[in-house]
Amino acid sequence: MITVDHLTKRYGARTVVSDVSFTCTPGSVTGFLGPNGAGKSTTLRALVGLTVPTSGTATIAGRAHRDLPNAGRQVGVLLDAGAQHAGRTGRETLTLTAMVLGVDTERVDEVLGQVGLAGRPAGTRVGSYSLGMRQRLGLAGALLGDPEVLVLDEPANGLDPEGIWWMRGLLRGFADRGGTVLLSSHQLREVEAVADQLVVISGGRIVAQGSKTELLGRRGTVVRGPDRAVLARALQTAGIAVSAGDDDALVADADPLAVGQAAAAAGAVLTELGQAGGEGLEELFRALTASPGTGTQQPAVAA
Ligand SMILES: Nc1ncnc2c1ncn2[C@@H]1O[C@H](COP(=O)(O)OP(=O)(O)OP(=O)(O)O)[C@@H](O)[C@H]1O
């Protein structure tokens, strides 16, 4: 369980994280989204004890990172895959981490296999790894202590489509076995594919949070008919607000069942009826973070 509670971080006069609160529960993947400079890394760094909050707390299993008895075995962290020692091989890197964590070094080959770096890549110096391979190695390091919690900053960065697909399965499996995953990402489609919960931050403030279904599903119904005016009147008569959608479509502020029933009751013919929001996370993200830095947007879904 991750709990971020009224976290604020100021650098001089500048507030870069402002009163941020959210939780990540076991068995779920939480996608932490926001434009450049929104405060994602600062929040994650506060969570893993690398940044001291100005006020508020960020805890894992109820404790600050520094107070965890063996932090490396409770939380796996991947913040900057590029920061690994270039002169060591992948296996050496993980063996050192295993020794620091007090983990059996046999586990090294296990995680190398898990992240697809077994065999030749394991014996190759990290300096000649691609960014995608470094991400895999960083993830192996995070998994080494068999933690219950993963905190990952942009883990899909540099991965090719196959790698992204692989990571999605790995994180999903980790959460399905009861783990807690918090990952920041710019790759909205990937987040949409893997996350159960979303937290969107902009200008240091949370602008939306909730389940993916809540955030992406509360967008009304797209409806079309041969006579748009007749259809709009039928819905409005039933008390359903409508607005103009793409082309000749209407977007009705009700679920498809209610819209279909209202149209049927008025004898209005439909040629299309479906959940709005097919554009998904990308559109939501753009709408919510349209003016980064202002911090004036209201939460779309209450915490
Ligand atoms: N040590 C620091 N001193 C001063 N300002 C900082 C420091 N660390 C971060 N900041 C500022 O805090 C703001 C938030 O940065 P942060 O790295 O948390 O954003 P981010 O959402 O992770 O962005 P990105 O997606 O670009 O990595 C930025 O404006 C950054 O310049």
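In the predicted model, His-6 is found in strand β1, which spans residues 2-11. With 13 C-beta neighbours inside 10 Å, His-6 counts as partly exposed, because that class lies between the exposed limit of 12 or fewer and the buried limit of 20 or more. When neighbours within four places in sequence are left aside, the contacts of His-6 are with Asp-19, Ser-21, Ser-55 and Gly-56. Phe-22, which is 16 residues from His-6 in sequence, is placed 8.6 Å from His-6 in space, taken from C-alpha to C-alpha.

Asp-19, one of the contacts of His-6, belongs to strand β2 (residues 14-24) and adopts a positive phi of about 55° although it is not a glycine. Asp-19 is assigned as partly exposed because 15 other C-beta atoms lie within 10 Å. A positive phi, of about 50°, is also found at Asp-146, likewise not a glycine; this residue is located in the loop between α5 and β6 (149-153). For Asp-146 the count is 14 C-beta neighbours inside 10 Å, and the residue is therefore classed as partly exposed.

The ligand is surrounded by Tyr-11, Val-16, Gly-34, Asn-36, Gly-37, Ala-38, Gly-39, Lys-40, Ser-41 and Thr-42. By residue class, this shell comprises six polar, three nonpolar and one charged residue. Helix α1 (residues 40-47) supplies the largest share of the shell, namely three residues.

In soluble globular proteins, nonpolar side chains tend to be buried together. The largest nonpolar core of the model contains 69 residues, and within this core Leu-47, Ala-140, Val-151 and Val-200 have the most contacts. The greatest contribution to this core is made by helix α5 (residues 131-144), which provides seven residues.

At the level of the whole protein chain, the assignment gives two parts, with domain 1 covering 2-215 and domain 2 covering 220-275. The centres of domain 1 and domain 2, taken over C-alpha atoms, are separated by 43 Å.

Definitions and conventions
Residues numbered from 1 in each chain as written. Predicted model: local features only at pLDDT ≥ 70, side-chain atom pairs only at ≥ 80, totals over all residues. Near = placed C-beta within 6 Å. Helix = DSSP H or I, 4+ residues; strand = E, 2+ residues; numbered from the N terminus. Nonpolar A, V, L, I, M, F, W, Y, C, P; charged D, E, K, R; others polar. Core = buried A, V, L, I, M, F, W, Y, C linked by C-beta atoms within 7 Å. Domains from an automatic or database assignment. Contact = placed C-beta atoms within 7 Å.
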